[in-house]
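Hello,

Here is the structure I promised to send over. Please open it first, then read my notes below.

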Amino acid sequence: MRILMVEDDQNLCRAVSDQLKQAGYDMDVCHDADDAAFYIAEGAYDLVLLDRMLPGCDGLTLLKKWRKKKLTCPVLMLTAMGGMDDKVEGLDAGADDYLSKPFDIRELLARIRVLLRRKGDLMLEPDTVWGDCKLSQESFSFTGPYGTVRLSKKETLLLNEFLKNPGRTLTREFLFAKFWGPDSETEECILDSYISFLRKRLTAVGSRLSIVTVRGRGYRLEDRE
């Protein structure tokens, strides 16, 4: 799970980031609204920890902009503004939870687990169906006219993204950021390998679906019927 922390207190950022990394989360941090907008545009996060008082643009305004742009990942606001009116205002702006500073790291971890569990439950509810194929995220299985194959978790997540966006070009930058993280040290060519794996899976199940290369941009799922 990848978390973005938007907080101008760099000491707090380091302390929280270290604790969350020890708990097994992948972390990115930034300290102002401009950098946060850049990171969020990559669409790569499962959860955002957002400070309310940021330089340049306050967190509440930033959150409202994100929700208008259909950002769906959970947002937990971390702020010194802990009055009841402040909390109501934050939740009404689109926050999924609101935690006042100072806070105990154990409570933060518990709230993160709850938000990610809710998100995971929503992600795994339906199978993804398009064209002549069905993908089950729960069993990592992919079914087409010729039968069923098992996928790795990464293959499942990547293929699900294509099946949810048929006919839409998914850029290399978007795919790499979403599934490996914008600051990942993994070579970007690993994406090419996974696209090759998915094409072989489509062939193995006898699907008419095809992942085509959009030169200079990325990839698109098409139905050849």
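**Helix α6 and its partner α7**

The crossing of α6 and α7 is right-handed. Keep in mind that this is a predicted model.

First, the pair itself. Helix α6 covers residues 153–164, and helix α7 covers residues 172–180. Their axes lie 11 Å apart, at an angle of about 140°. That angle makes α6 oblique to α7, because only angles over 145 degrees count as roughly antiparallel.

Which residues of α6 meet α7? They are K154, L157, L158, E161 and F162. On the α7 side, the partners are F174, L175, K178, F179 and W180. By class, this contact has 7 nonpolar and 3 charged residues. No polar residue takes part in it.

Next, N160. This residue also sits in α6. Is N160 buried or exposed? Its relative accessibility is 6%, so N160 counts as buried, the cut-off being under 20%. Leaving aside neighbours within four places in sequence, N160 contacts T128, L135 and Q137.

Now the whole protein. It has 225 residues, and 45% of them count as buried. There are 8 helices and 12 strands. The C-alpha atoms fill a box of roughly 60 × 35 × 35 Å along the principal axes. Take the contacts between residues at least 6 apart in sequence: 56% of these join residues at least 24 apart. The protein exposes about 11,800 Å². Carbon and sulfur atoms supply 48% of that area.

Best wishes

Conventions:
Residues numbered from 1 in each chain as written. Predicted model: local features only at pLDDT ≥ 70, side-chain atom pairs only at ≥ 80, totals over all residues. Heavy atoms only, no water. Helix = DSSP H or I, 4+ residues; strand = E, 2+ residues; numbered from the N terminus. Buried < 20%, exposed > 50% of the residue type's maximum accessible area, 1.4 Å probe, protein only. Contact = heavy atoms within 4.5 Å. Axes fitted to C-alpha atoms, helices over the stretch in contact; angles between N-to-C directions. Parallel < 35°, antiparallel > 145°, perpendicular 65-115°, else oblique. Left-handed = near helix turned anticlockwise from the far one by under 90°. Nonpolar A, V, L, I, M, F, W, Y, C, P; charged D, E, K, R; others polar. Areas by Shrake-Rupley, 256 points an atom, 1.4 Å probe, with all protein chains shown as cover.
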